Amino acid sequence: MKVQKATIPLTIKAKLERDLLAAGRELSKAFKIYEQAEIALRTSPDCLLRPDESMQFEGMSRSFDQALGEWRRAIDLVETNPRVAERSSRGRAWRDPLDPGGLHYFVSLAGPDDLDYRTRLQQAWEREEFRLEAMEEDLAQVCGRATRNGTPCQSLGAYWPGGARKSGCTRHMTPDEKAQLSALWDEVVATIDCPGCVSRAGVACDPDKMVPVDGFFPTPKSFNGRVVHTPRLNAFASST
Ligand SMILES: [Zn+2]
Ligand SMILES: [Zn+2]
């Protein structure tokens, strides 16, 4: 059973814009501090700084200029809308936002068949939006079975491999459903390698260990004493 979506999350674009504004504010604050310190250094270097401090400051000033230069070059590069490789040489997926180093790296790997930056960015946004919607949809699948006072139960339904919460919650499932679902979860662990913690088939998930799957750290789910990473549960369903 589904309930109406409670809140509409910030769309990904609004969120990016908000992050960008926040970053811009931080940057201009940092600029001010930098400028004031530089003026202080230039006007009275001897009484403010010892020679080693002065050298350290010159070094900081150089690396600041360098970083700024890198960002400017990255922005110029983005404006030419270059082709961007989909994966790094080690298979890591392209994902925004990239720092200047990451951007240059993925551009340098791109071949003639690769998509351009803006298309990739658009796809990344759509993927993110889809992921958020799926997450929200998942959290909206409540048990719905009658509680003791007769109202529908609002707890999350139990998670079935493949992503549906089609039965009631752990408390309101029938013993048969519980046994069936426990066996399914055991079958997932027995037959599927976990992409989330790289446990091989037959080895239980290690909830403390996580590697990113498609750029995101997977969360573990639990049922009846078992703990399994979501991508492993979903891989089972897509293979059957
Ligand atoms: Zn329930
Ligand atoms: Zn796992």
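## Overall picture

Of the 240 residues of the protein, 27% count as buried. The model discussed here is a predicted one, and every value in this report is computed from that model. The protein contains 7 helices and 2 strands, and when these elements are read along the sequence they follow the pattern α-α-α-α-α-α-β-β-α.

The contacts give a further view of how the chain is arranged.

## Helix H3

Helix H3 covers residues 51-79, and its 29 residues should span 42 Å at 1.5 Å a residue, a value that agrees with the 42 Å between its end C-alpha atoms. The buried residues in H3 include Phe 57, Ser 61, Leu 68, Gly 69 and Ala 74. Several of these positions can be read against a general rule about such helices. An α-helix has 3.6 residues a turn, so residues three or four places apart point the same way.

Just after H3 the backbone shows a feature of its own, for Asn 81 takes a positive phi of about 50°.

When its neighbours within four places in sequence are left aside, Leu 233 is in contact with Tyr 159, Pro 161, Gly 162, Trp 185, Val 188, Lys 221 and Val 228.

## The site of zinc ion (ligand 1)

The zinc ion (ligand 1) is coordinated by the SG atoms of Cys 143, Cys 153 and Cys 169 and by the ND1 atom of His 172, at 2.1 to 2.4 Å. The 4 donor atoms subtend angles of 102 to 116° around this ion, and the arrangement is therefore tetrahedral, since four donors count as tetrahedral if all angles lie between 85 and 135 degrees. In sequence, the donor residues of the zinc ion (ligand 1) are spaced C-x9-C-x15-C-x2-H.

Cys 153 and Cys 169 both lie in the loop between helix H5 (117-140) and H6, and so this pair ties together parts that are 16 residues apart in sequence. Cys 153 is buried, with a relative accessible area of 5%, and Cys 169 is likewise buried, with a relative accessible area of 5%.

## The site of zinc ion (ligand 2)

For the zinc ion (ligand 2), the coordinating atoms are SG of Cys 194, Cys 197 and Cys 205, together with ND1 of His 229, at 2.1 to 2.3 Å. This site is tetrahedral too, with angles of 106 to 113° among its 4 donor atoms. The spacing of its donor residues in sequence is C-x2-C-x7-C-x23-H, and of these residues Cys 194 and Cys 197 are buried.

## Salt bridges

Side chains of opposite charge can pair when their charged atoms come close. The structure holds 4 salt bridges, and one of them joins the side chains of Arg 120 and Asp 114, at 3.1 Å from N to O. Both partners count as buried because their relative accessibility is under 20%: the value is 7% for Arg 120 and 19% for Asp 114.

Arg 226 forms a salt bridge with Asp 186, and the closest N and O atoms are 2.7 Å apart. Arg 226 lies in strand S2 (residues 226-229) and Asp 186 in helix H6, so the pair ties together parts that are 40 residues apart in sequence. Arg 226 is partly exposed, with a relative accessible area of 23%, and Asp 186 also counts as partly exposed, at 37% relative accessibility. In another salt bridge, the side chains of Arg 200 and Asp 193 meet at 3.8 Å, N to O. Here Arg 200 is exposed, with a relative accessible area of 57%, whereas Asp 193 counts as partly exposed at 38% relative accessibility.

Technical notes. Residues numbered from 1 in each chain as written. Chains lettered and ligands numbered in written order. Predicted model: local features only at pLDDT ≥ 70, side-chain atom pairs only at ≥ 80, totals over all residues. Heavy atoms only, no water. Helix = DSSP H or I, 4+ residues; strand = E, 2+ residues; numbered from the N terminus. Expected span 1.5 Å × (residues − 1). Buried < 20%, exposed > 50% of the residue type's maximum accessible area, 1.4 Å probe, protein only. Contact = heavy atoms within 4.5 Å. Donors = N, O, S within 2.8 Å, 3.2 Å for Na, K, Ca; no water. Tetrahedral: all angles 85-135°; square planar, octahedral: opposite > 155°, others 65-115°.
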